Each structure stands twice: as C-alpha cells, then as structure tokens.
Amino acid sequence: MKVAVIGGGSTYTPELVNGFLDRVREFPLKELWLMDIDEQRLNTVGGFAQRMVKAKGSPFSVVLSTNQREAIADSDYVTTQLRVGQMPARREDEYLGQKHGLIGQETTGVGGMAKALRTIPVILQIASDVEELAQPGALLVNFTNPAGLVTQALHQHAPEVTSVGVCNAPITAKMGILEHVEQESGESIDPSRAELDTLGLNHLSWHRGFSIDGEDIWPRVLESYIAEAKNDPESDWDANTLEALRMLPNYYLEYYYYTDRKLADQDKWPPSRAEEVMEVEKNLLRMYADPGLQAPPEDLMKRGGAYYSTVATQLLNAHYNDLGETHVVNVANNGAVSDWPADWVLELPAEVNKSGIHPLPAKPLPQECFGLIAQVKSYELLTVEAAVNGNRQAAFQALLAHPLGPAADKVQELLEDMLEIHRQYLPNFWGA
Ligand code: G6P
C-alpha cells in the first residue's frame, strides 16, 4: 500500500509517521511518500521521518520527492497538508485583517479567504493528478486550511475523486469533554467508548451531544460547562450564551461571538500566531535535523496540532479495513441534514467504510445558528468561484457576504490589497 503526503515537509509529519508506526499491523503500509516543493525542508523533516521508521525496524519505507505526479502515482491514499506561500503568506493574511480593522486569522475572515484563493487551484491540480495517476478509488484526505472551504471546492470541481476534509478541532473537543467527564466521575474512559455529536462548517460548528457506550450524557456535560463558565472568569464562554444555545461552540466561533475581544487581542501583535509558529517551527526543524533524534520531541505539541495523527490514521484505517466507524469529517451534506442544500460541505459525524465516507442523518441546527452558517456558506461558495476562475466580481461578493468582512464601501480597497499582496500565488487573477 502506498500513501502520498503532499506538503510532506510540514513539521506535523513526524506525528503522522508515528501514527502509521503505531498501526502498522492493521494498516499494512509499504511506502510512505513525502512530497514537498521545499527541498531543504523535505530533507530535514523527511530525513528525520526515515530515522524514526528505521528505529522501529523499518516496517515501511519513507520516500522523499519534490515531484507531485511521481508521489501520487499508484497511491491508495493521498493526504494534503500544504501551505501555499508557507508561513510568511499566513503572516500577510493575519496582518491584512489587522490593517483593515478586521479579524486577521488563518481560516476565519479575510485571511481565510486569501488563503483559500491561493490554495484551491493547487488542491484542484492535486485532485486532477489523483484522478489520472493514483489507484482507482484512491481517497484524497484534505487537511489544508481553510479545510472546509477547500473541501467544498473539491466537492464541486473534482467530483470524480473521493475526497474528505479533516480537522483536529472535533477530536480535540471530544477529548476535552472526555477529560471533563473523567474528572467528574473519577473514572478513566477509553476514547473509543465516547462519541461527539456536532454540526456546522469547519471552524463554525456547535457541539450538541456526547455519549458514552451509546448513553447520552449531554445534559450533564453541558451543565458542568455552564457551571464552569459561571465560576471561572477566564472561561472562554459566558454562561448565558451556553444556556441559550444548549450547545458548546467550536472555539473559532469566538471570532464571531466576541469580535471586539479578538480585535483587542490582535492590537497586541507582534507576535501574531504566524510569527509565534515561525519561532516554534525554527526550533523544531533544528531538532529534526539532529541525526541522533529518532522520536518526535515534546516541543511538537506546542505546534498546535493535537491529535492530528490520530485523526488522519484512524480515518485511513477505518476506510481501509471497512470498519464502519463514526468520525467527524467535512463532506457534502447529500441529504444528511434534509432541510439544507445537498451540495453544502458540512462538518458532521460520518460513517467511514471501504465504500466511502457517508454523513449520518442529522437534525438541523436551530434558527440562532442557521443564519450565520448560511451567510458563511454563501461566502464560501463565492470564494470557490473566485478562486477557480479568477473572478473578481465573485471575490467582491464573497467579501460583501462575509459577516467578518469590511464595510461595503471598503470592499474594493481590501480586495485590491489582498490580490496585490499575494500576486505571485494567484495566477488565476494575474496570469501565470
Ligand atoms: C487547530 C485548528 C487547525 C489548525 C491547528 C494549528 O487545531 O483546527 O485548523 O491548523 O489548530 O493551528 P496553529 O495556529 O498552531 O497553526
């Protein structure tokens, strides 16, 4: 079996390699191809990955490549974890927002839109290579942010390739809730016994159910979060909000619910998150380059991708072994939420088996959430159109539709700034 990782020079890769090493009996990987256009980084991260695998008796080989087509050829699984323009482009996205008095964030708001415009054409080229070169029925697993929006583009413009978008936020929420429950009950609970019910878009979802061994314990979980919100002034959410929603919002909803607080936070930059991550990555890459290092260092956890390898390898394993497990992923609605459009890519629980990723029937979100979802989905659909066709009119409309976008009479100025800053990564707008 061959797995290709596009963006294999990511500092997350060693965690992924560990995930494959842990599952080698059930998931018989033979070749792990790490592909990256940044050769130096690929050699550092890939060299470390090779040492990790060797230290475990070389159950599979790790092949390094700068050639996307060669990496994808004959793959059974292709994962994408790339960043067009690398961290400096993310920094530009963050400061673009700040400069215009808006949220400056990697996935949420105008920064997320800029990232989507750079990323979507690259991902669609990968999908086209998967269709042409990979094994028939190969699964494309997208981790690249903004993960929901990118998966929306794949669903619309590469329907012949089976694709799914994955984020570690749902599993991080599940593990956080589980820890909460364990603390209260004093009992240790294996995560496989717990299930999180959640619905929305990536980074715009609400957690609304939690069960252990099939028993719904949501009212208890929610009450304990409400009590915590009442007692802890540092709590992320205020108790009234939780009481009104009867759900726990994904933490990216802070940008919508507490925009002023988030804007005040970014007044303190530098460092923005990109700048922090650049520092963390510099240190990580220095450690990875150490020929004596054979296992991921503790500092990898500072990078922020908790459970990333668990999500990735669990999903591939469930697909390969036809397990029928439930995982929270980003896929086209396709009737799961019957009142909502079938072609909206949603983040929700889905059954994963050999035949694909099947979203489970879900009741729609209540009125107080639906408006926001619909507005952000409109922005996403317009952004996909803008990215694919270099359509400035659609890009303007996307900014107009976004709840965190600029005032209407400032849209043009922001758009010109966004397109100019990332000119070299936007051939659909500027020509090759
Ligand atoms: C969260 C988000 C991901 C993001 C990750 C790392 O888990 O859901 O989308 O990639 O954090 O974020 P960072 O700011 O550390 O790059």
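Which residues lie nearest the centre of the second largest pocket? I began my entries with this, keeping in mind that the model is predicted.

**Entry: second largest pocket**

I looked up the lining and found 24 residues, of which Ile171, Lys174, Gln314, Thr326 and His327 lie nearest the centre of the second largest pocket. I noted a volume of about 530 Å³ for this pocket. I then checked which elements give two or more residues to its lining, and they are helix 7 (169–185), strand 7 (194–201), helix 13 (308–320) and strand 11 (325–332). I sorted the lining by class and got 13 nonpolar, six polar and five charged residues.

**Entry: Asp322**

I went on to the loop between helix 13 and strand 11, where Asp322 is found. I read its phi as near 55°, which is a positive value in a residue other than glycine.

**Entry: ligand**

Which residues come nearest to the ligand? I listed twelve residues around the ligand, and Arg90, Asn168, His203, Arg273 and Arg303 come nearest. By class, I put five residues of the shell down as nonpolar, four as polar and three as charged.

For Arg90, an N or O atom of the side chain is 2.7 Å from an oxygen atom of the ligand. For His203, I have 2.8 Å between a polar side-chain atom and an oxygen atom of the ligand. For Arg273, the distance from a polar side-chain atom to a ligand oxygen is 2.6 Å. I also looked up the area: the ligand taken alone exposes 390 Å², and the protein buries 89% of that.

**Entry: cavity**

How many cavities of 30 Å³ or more are there? I counted one. I noted about 140 Å³ of space in the largest cavity. I found 16 residues lining it, and the closest to its centre are Thr107, Asn202, His203, Val376 and Glu380. I recorded helix 6 (147–157) and helix 14 (367–389) as the elements that give two or more residues to the lining of the largest cavity.

**Entry: cis peptide bonds**

I looked up the bond between Asn145 and Pro146 and found a cis peptide bond, with omega about -10°. I placed Pro146 in the loop between strand 5 (139–142) and helix 6. Helix 6 is one of the elements I had listed for the cavity lining.

I found that Pro270 and Pro271 are also joined by a cis peptide bond, with omega about 0°. I placed Pro271 in the loop between helix 11 (259–266) and helix 12 (273–288).

**Entry: domains**

Which domains does the assignment give for the protein chain? I wrote down domain 1 (2–165) and domain 2 (170–201 + 204–249). I looked up the separation of their centres, taken over C-alpha atoms, and it is 30 Å.

Methods:
Residues are numbered from 1 along each chain as its sequence is written. This is a predicted model: local features need pLDDT of at least 70, side-chain atom pairs count only at pLDDT 80 or more; totals for chains, interfaces and linings use all residues. Side-chain values use heavy atoms; hydrogens and water are left out. On a 1 Å grid over the protein atoms alone, a cavity is a set of points where a 1.4 Å probe fits but cannot get out, and a pocket is an open set with protein on both sides within 12 Å along at least five of seven lines; lining residues have an atom within 4 Å of a point. Grid points are joined across faces, edges and corners, and a volume is the space filled by probe spheres set on the points. Helices (H or I, at least four residues) and strands (E, at least two) are DSSP runs, numbered from the N terminus. Domain bounds come from an automatic or database domain assignment. A residue is near a molecule or strand if one of its heavy atoms lies within 4 Å of it. A polar contact is a pair of N or O atoms within 3.5 Å; within protein, one must be able to donate a hydrogen and the other to accept it, and residues adjacent in sequence count only if both atoms are side-chain atoms. Accessible areas come from the Shrake-Rupley method with a 1.4 Å probe; for residues, only the protein chains shown count as cover. Ala, Val, Leu, Ile, Met, Phe, Trp, Tyr, Cys and Pro count as nonpolar, Asp, Glu, Lys and Arg as charged, and the others, Gly among them, as polar.
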